[in-house]
Amino acid sequence: MTKVSSFRQKQSVIFIAFLATTFIVGVAGALQSPTLSRFLSFEVNVNPRLVGLFFSVNALASIIGSFLLAKYSDQKGDRRHIVIFCCLMGVANSVIFAFSRHYVVLITLGVLFAALSSAAMPQVFALAREYAVKTGRNVVAFNSLIRAQLSLAWVIGPPLSFGLAVHYGFTAMYLSAMSMFVVAMLFVAFFLPSVEKNPTSQLDNSIDIKSAEQPLFKNRNVVCLLLSTVFMWTANMMYIIDMPLYVDSVLHLSNSLPGQLMGLAAGIEIPVMLIAGYLVPKLGKRNLFFIAIVCGLLFYIGMILLTNKFALFALQLFNALFIGIVANIGIIYFQDLLPTRMGVASTLFNNGIICSVILAGVIQGFVSESYGHQVIYWIAFAMVAISLLFCALVNDKS
């Protein structure tokens, strides 16, 4: 009885450590990202073109860095050690941004360390999946609870980021992010387990191992799911970039409204993620994706047709259902299609989001300047519709 109790207690500690690590790394990222353009503009004193160049270079470097680490992690190496390495790179990145105001240093060394630290979150999710499989936990429910911590971090992080930057300066803000990475390293080092890569014997018999191990871009299911993900996240990122400008210059509503809308959506996303996790066994990942995408279509129709403040608040329910389900189930979907390559699968999902940031920035800037803000939402609607078509081409058994 004592051994059983001790085992359960150890599992509880590990579970809490996964939650804490995800939340803390999430807060570190949420401290840095929202104020980056402000930092470059007002602290480094560079023009908008160089700000845009920095974002593009940073995104591309993150895609390459996280993917290379993912391939390495699936072939050899302890994921726990890789997460610690990524957090250490996050510390180095934070220190450079805290004390340097030289653009060349930031876009070289700063971006290098940021690219290597960007793999931390996908590796945590890959480790969590392998741990859940090994210990016989409900994989989707386990992932849902962990993924909710990332959303919670993004509810808390951005206001904290602006508060620290405005009241105490960017050095204090980046040193706070550094401290988050240090704490995360301690949690990983002392509490997270080392888990053997998922052997074939542990995998579901319904999984086609030969198909799962073929080159990524020859795997039709993976390619279609990746394209579906990129299109839907590009639509979402265009909304995030454009909505504050649209609300101010077109709808002439309160300057505080965009923050309220984003905060409401983020708050609703958390219970949506948890509920979606428990619905997967009943409805399946594919059907939940369809439901999410339909909610996305309804959301963008509403953004096109409705201009009232209270209608915009109401629309956040559809926005939260869209993003909450996709953000939670998406990473599980990729992992199930690539069960022998958890690191690559988790990173593909993450890199799809990063690609969407690049695409959204380019499209939003060109379209809003040439054709106005409202056209953005027609394009977003079309992109979500295209993502539905690609999702329909994914052939799985869930």
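Residues are numbered from 1 along each chain as its sequence is written, and side-chain values use heavy atoms, with hydrogens and water left out. Because the model is predicted, local features need a pLDDT of at least 70 and side-chain atom pairs count only at pLDDT 80 or more, whereas totals for chains, interfaces and linings use all residues.

**Two packed helices**

Two packed helices are described by the angle between their axes and the distance between the axes. Helices here are DSSP runs of H or I with at least four residues, numbered from the N terminus. Helix α10 (residues 220–249) and helix α14 (residues 342–371) pack at an angle of about 45°, and their axes are 7 Å apart; each axis is a line fitted to C-alpha atoms over the stretch in contact, and angles run from 0 to 180 degrees between N-to-C directions. The two helices are therefore oblique to each other, a word used for the angles left over when those under 35 degrees count as roughly parallel, those over 145 as roughly antiparallel and those from 65 to 115 as roughly perpendicular. Among the residues that meet, α10 contributes W233, T234 and M238, while α14 contributes F349, I363 and Q364, where contact means heavy atoms within 4.5 Å. The residues of this contact divide into 15 nonpolar, 7 polar and 1 charged; Ala, Val, Leu, Ile, Met, Phe, Trp, Tyr, Cys and Pro count as nonpolar, Asp, Glu, Lys and Arg as charged, and the others, Gly among them, as polar.

M383 lies in helix α15 (residues 374–392) and, not counting residues up to four places away in sequence, touches F231, T234, A235, M238 and I363. M383 is buried, with a relative accessible area of 11%; buried means under 20% relative accessible area, exposed over 50%, and partly exposed in between, for a 1.4 Å probe and protein chains only. M383 and L317 are 66 residues apart in sequence and, from C-alpha to C-alpha, 20 Å apart in space.

In helix α3 (residues 48–75) lies N58, which counts as buried at 18% relative accessibility. Leaving aside neighbours within four places in sequence, N58 is in contact with V111 and A114.

**Aromatic rings**

Rings of Phe, Tyr and Trp (its six-membered ring) pair if their centres lie within 6.5 Å, and planes under 30 degrees apart count as stacked, over 60 as edge-to-face and the rest as tilted. By this rule there are 20 aromatic pairs, and two of them are set out below.

| Pair | Centres apart | Planes at | Kind |
|---|---|---|---|
| F15 and F142 | 5.6 Å | 35° | tilted |
| F299 and Y300 | 4.9 Å | 70° | edge-to-face |

Elsewhere, ring pairs link F39, F54, F97, Y103, F170 and Y174 into a cluster.

**Two residues in loops**

Most residues other than glycine have a negative phi. N45, although not a glycine, has a positive phi of about 60°; N45 is placed in the loop between α2 (36–43) and α3 and counts as exposed at 59% relative accessibility. H252, also not a glycine, has a positive phi of about 55°; H252 sits in the loop between α10 and α11 (257–283) and is exposed, with a relative accessible area of 63%.
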